[in-house]
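Let's take a look at how a protein chain is divided up and what sits between its parts. Have the structure open as you read.

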Amino acid sequence: MSVGIVGYGAFIPRRRIKLEEIAKVWGADAASYRRGLQLHEKSVPGKDEDTITMSVEAARRALVRAGDLDPAAIGAVYVGSESHPYAVKPSGTVVAEALGITPQVHVADLEFACKAGTEGMFLAQALVKAGEVEYALGIGADTSQGAPGDALEYSAAAGAAAYLFGGDSDRILAEVVATYSWTTDTPDFWRRAYMHYPRHGSRFTGEPAYFRHIMSSAQGIMDKTGLKPQEFAHAIFHQPNGKFPIRVGKRLGFTTAQLETGWLSPWLGNTYSGASPMGLTAVLDIARPGDLVLITSFGSGAGSDSFVLRVTERISEVQDVAPITRVQLDNDKIYVDYGTYAKLRGKIRMGE
Amino acid sequence: MFSPARSWREFPQRYRLEAARCTVCGKIHYPPRLVCSACRGRTFETVAMPREGAVVTFTTIHVPPKGFTEQSPLDIAIVELANGVRVMVQVADLPEADELRIGDPVRLEFRRICDDGEAGLIFYGHKAVRAR
Ligand SMILES: [Zn+2]
């Protein structure tokens with residue numbers, strides 16, 4: 001039985017902060033960040049937006065694209081994030097309740113730094129393939145934070161992408177051709193319990209972590225499927241900044257034309273668990289039947305999930321029925337200054 | 001602030017915008033009620049409300065109640081949904097320079113409403129945002 005994506009959706013908050021606005025507070029050189037990391041601005045969640053609210057909105061859009069579908073037919077809901085609003089009480093319970101999927105559903109929250117979203121997608125498609133559930137929802141969402149003044153503060157952003165998987169061939173808009181995962185113990189980034197902000201291994205986050213895992217995972221799935229870079233219409237790699245996804249793509253043998261559609265980070269920032277899944281929503285928004293698509297995530301710690309997808313004829317029927325990712329990224333932005341940003345992100349200590 | 005029990009009872013209306021339609025006269029009640037205000041009927045069926053509507057009227061609260069102070073100023077609107085039912089909701093994502101007008105199209109989005117302190121429950125529901 002073939003399994004695939006039957007619905008997808010993205011949600012991007014309207015607020016943005018420009019790189020200069022952060023740099024001026026910390027006496028940093030904005031031009032060198034722009035050049036070095038290829039970042040211009042990033043999304044900022046409002047006080048009333050979090051992993052749960054963005055997941056609900058992204059998933060509603062996925063359900064619209066899935067067509068008339070009884071939410072009760074969804075047998076599994078997985079929410080991948082490193083910014084679940086509760087330390088104990090799954091985000092997925094609220095999401096499933098809001099979507100009308102409860103009570104006969106398997107729900108779990110997942111965590112694996114920036115690849116928690118593709119973990120959920122991996123499990124969701126596998127359960128459908130095994131025949132355990134009719135439909136399964138995998139969501140990646142984050143409202144991540146960097147410590148004030150840290151390099152991560154320039155990139156940590158907010159957004160969500162949701163994927164509904166199913167096995168009914170008349171609903172599949174992108175078939176899952178293959179999956180592949182590559183994981184080791186690599187201490188490049190972590191956050192201990194009760195800590196507000198993560199720590200990272202600075203330059204150690206590049207070669208041994210991001211590049212090694214993504215290269216191995218992407219090469220692994222190409223070896224497994226016998227596909228070459230030039231056979232793909234689009235490729236999406238995890239985007240912690242603007243620079244890394246293009247560099248890793250080029251090293252693997254992909255061209256700018258194959259990489260640029262899913263390359264959102266220069267204007268979105270790093271949405272962590274939402275990052276590569278949102279790159280994929282941007283690709284599906286313009287993909288054509290028959291297109292082969294590679295998506296490779298990366299999560300610090302470290303691991304990388306890859307998927308090869310083949311877009312079907314149904315794609316053209318669903319692209320315009322819910323909000324387009326690029327339209328959300330480019331329009332109706334509300335720019336905030338650093339003071340407002342600090343308040344929205346809870347970086348200001350309030351009185352009792 | 002709501003207790004866990006009260007907020008849990010209200011999940012269907014707050015999370016899924018479920019309303020009660022009187023099976024006698026057809027009037028839709030949101031939030032749901034036990035006796036129909038039009039015909040005194042006592043039997044209802046659950047209907048989901050549309051999330052699209054238009055602003056009927058609005059106001060801005062500059063001194064919001066406890067739990068909402070960080071969101072000051074608080075924009076509140078009465079929105080007539082596509083099925084004719086009017087709901088009172090907060091308006092989200094409205095910068096100061098963006099003036100709301102009567103008749104403006106809006107849609108309801110799932111948002112955090114408030115929380116019971118840093119260690120307490122988080123309450124979710126719907127707010128109006130500009131339709132685009
Ligand atoms: Zn009645």
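This is a predicted model: local features need pLDDT of at least 70, side-chain atom pairs count only at pLDDT 80 or more; totals for chains, interfaces and linings use all residues.

Let's start with who's who.

## Where the domains touch

Now for the contacts: 50 residues of domain 1 of chain A are in contact with 43 residues of domain 2 of chain A. On the domain 1 side, the elements giving two or more residues are β1 (4–11), β3 (41–44), α5 (116–129), β6 (135–143), β7 (158–166) and α12 (325–330) of chain A. The largest share of that side, seven residues, comes from α5(A).

What kinds of residues are these? Sorted by class, the side of domain 1 of chain A that touches domain 2 of chain A has 25 nonpolar, 18 polar and seven charged residues.

In soluble globular proteins, nonpolar side chains tend to be buried together. Here, the largest nonpolar core has 110 residues, and Ala58(A), Val77(A) and Leu137(A) have the most contacts inside it. Domain 1 and domain 2 of chain A both give residues to this core, so it lies between them.

Take Val77(A) as an example. Leaving out residues up to four places away in sequence, Val77(A) touches Gly92(A), Val95(A), Ala96(A), Ile101(A), Val105(A), Val107(A) and Leu137(A). There's also a second, separate core of 19 residues, which includes Ala19(B), Ala20(B), Cys36(B) and Val106(B).

Key: Residues are numbered from 1 along each chain as its sequence is written. Chains are lettered from A and ligands numbered from 1 in the order in which they are written. A nonpolar core is a set of buried Ala, Val, Leu, Ile, Met, Phe, Trp, Tyr and Cys residues joined through C-beta atoms within 7 Å. A residue is buried if 20 or more other C-beta atoms lie within 10 Å of its own, exposed if 12 or fewer, and partly exposed in between; C-beta atoms are placed from the backbone. Domain bounds come from an automatic or database domain assignment. Two residues are in contact if their C-beta atoms, placed from the backbone, lie within 7 Å. Helices (H or I, at least four residues) and strands (E, at least two) are DSSP runs, numbered from the N terminus. Ala, Val, Leu, Ile, Met, Phe, Trp, Tyr, Cys and Pro count as nonpolar, Asp, Glu, Lys and Arg as charged, and the others, Gly among them, as polar.
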